[in-house]
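I opened this model to look up a few local features and wrote down what I found. The entries follow the order in which I looked.

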Amino acid sequence: MYSVFLCLFFLYGITLGSFFNVVGLRVPVKKSIVKPRSACPTCGHQLKAYELIPVVSYLIQGGKCRGCQSRISPIYPIMELLTGCLFAVTPIFIGWSGELFVTLTLISMFIMIMVSDIQYMIIPDKILIWFAGIFLLERMIWPLTPWWDSPLGAAVGFVLLLSIAVVTKGGMGGGDIKLYGLLGFVLGCKLVLLSFFLSTLYGAIFGGLALLFRIVKRRQPIPFGPFIAAGTLTGYFWGTDLIQLYIRTFIMY
Ligand SMILES: [Zn+2]
């Protein structure tokens with residue numbers, strides 16, 4: 001029975017994932033997310049219902065447009081699959097509680113931000129404002145303990161990123177700073193610090209490898225959004241264990 005629920009979460013995730021793709025691609029360029037219907041960016045061929053099935057359509061069409069045979073970016077099915085997988089594993093980590101809604105909201109926001117950041121190097125204000133409203137409501141229903149960990153975390157996340165932006169003279173974008181304020185509100189003080197530590201760690205490892213294998217050029221900016229998402233979710237799912245491991249390794253012995 002339990003696995004049936006997880007499968008449903010997976011299907012629910014990939015379906016929403018294809019909507020998150022649309023939001024992430026259209027909001028930064030100020031296009032409506034409802035109209036027009038999805039079309040091929042090369043030839044304008046409007047997608048029929050059977051071409052809009054998440055992941056499946058992409059695989060059947062061999063990653064090509066049915067109108068003009070031009071390649072469709074693999075980012076769409078990847079993000080759909082990622083949303084599906086994250087939705088499916090969330091109940092395993094979080095359990096069936098109110099916090100489940102908060103986590104699914106967080107994942108949804110991250111997918112939109114990743115698409116937008118990878119495509120345009122922007123984390124749109126509009127997406128952040130929308131989610132700020134949802135998180136505010138959710139944290140009123142399911143508050144952190146103590147409740148003031150939320151405003152404190154928001155202040156810590158915002159000020160931390162702002163100071164780094166000032167010190168590095170623009171090494172952090174405005175979107176990253178606002179996002180961390182919001183993450184602090186959702187996660188609280190301890191986890192937002194852990195999230196930032198892990199995100200920079202992932203970013204540094206990826207940046208180093210990308211330079212080594214010459215995927216990117218020196219000083220070429222890399223979107224930070226995907227690393228923030230990865231770091232935050234690691235901290236969120238394994239945070240307590242990681243902090244305890246750290247204390248045992250470096251402080252107690
Ligand atoms: Zn086409």
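Predicted model: local features only at pLDDT ≥ 70, side-chain atom pairs only at ≥ 80, totals over all residues.

Residues are numbered from 1 along each chain as its sequence is written, and side-chain values use heavy atoms, with hydrogens and water left out.

**Entry: the zinc site**

Which residues coordinate the zinc ion? I found Cys40 (SG), Cys43 (SG), Cys65 (SG) and Cys68 (SG), at 2.3 to 2.4 Å. Donors here are N, O and S atoms within 2.8 Å of the metal (3.2 Å for Na, K and Ca); water is not among the atoms, so sites may look incomplete. Along the chain the donors of the zinc ion have the spacing C-x2-C-x21-C-x2-C. Cysteine 43 sits in the loop between α1 (2–26) and α2 (56–60), and cysteine 65 in the loop between α2 and α3 (75–94), so the pair ties together parts 22 residues apart in sequence. For the element names I noted that helices (H or I, at least four residues) and strands (E, at least two) are DSSP runs, numbered from the N terminus.

I then checked accessibility. Cysteine 43 is partly exposed, at a relative accessible area of 39%, whereas cysteine 65 is buried, at 4%.

**Entry: how α1 and α3 pack**

I looked up the angle between α1 and α3 and found about 140°, with the axes 7 Å apart. That makes α1 oblique to α3. Axes are lines fitted to C-alpha atoms, for helices over the stretch in contact, and angles run from 0 to 180 degrees between N-to-C directions. Under 35 degrees counts as roughly parallel, over 145 as roughly antiparallel, 65 to 115 as roughly perpendicular, and the rest as oblique.

**Entry: two buried residues in helices**

Is serine 108 buried or exposed? Serine 108 counts as buried, at 9% relative accessibility, and belongs to helix α4 (residues 99–120). Leaving aside neighbours within four places in sequence, serine 108 contacts Phe20, Phe87 and Phe131. Contact means heavy atoms within 4.5 Å.

Glycine 235 is in helix α9 (residues 225–252) and is buried, at 2% relative accessibility. With neighbours within four places in sequence left aside, glycine 235 is in contact with Leu191, Leu194 and Leu198. I also looked up glycine 235 against valine 56: they are 179 residues apart in sequence and 32 Å apart in space, C-alpha to C-alpha.

**Entry: backbone exceptions**

Most residues other than glycine have a negative phi, and most peptide bonds are trans. I listed some exceptions.

- Lysine 35 and proline 36 are joined by a cis peptide bond, with omega about -10°; proline 36 is in the loop between α1 and α2.
- Threonine 145 to proline 146 is also cis, with omega near -15°; proline 146 is in the loop between α5 (125–141) and α6 (149–167).
- Valine 55 has a positive phi, near 60°. I placed valine 55 in the loop between α1 and α2, and valine 55 is buried at 13% relative accessibility.
- Methionine 121 has a positive phi of about 60°. Methionine 121 is in the loop between α4 and α5 and is partly exposed, at 41%.

How values were computed:
Buried < 20%, exposed > 50% of the residue type's maximum accessible area, 1.4 Å probe, protein only.
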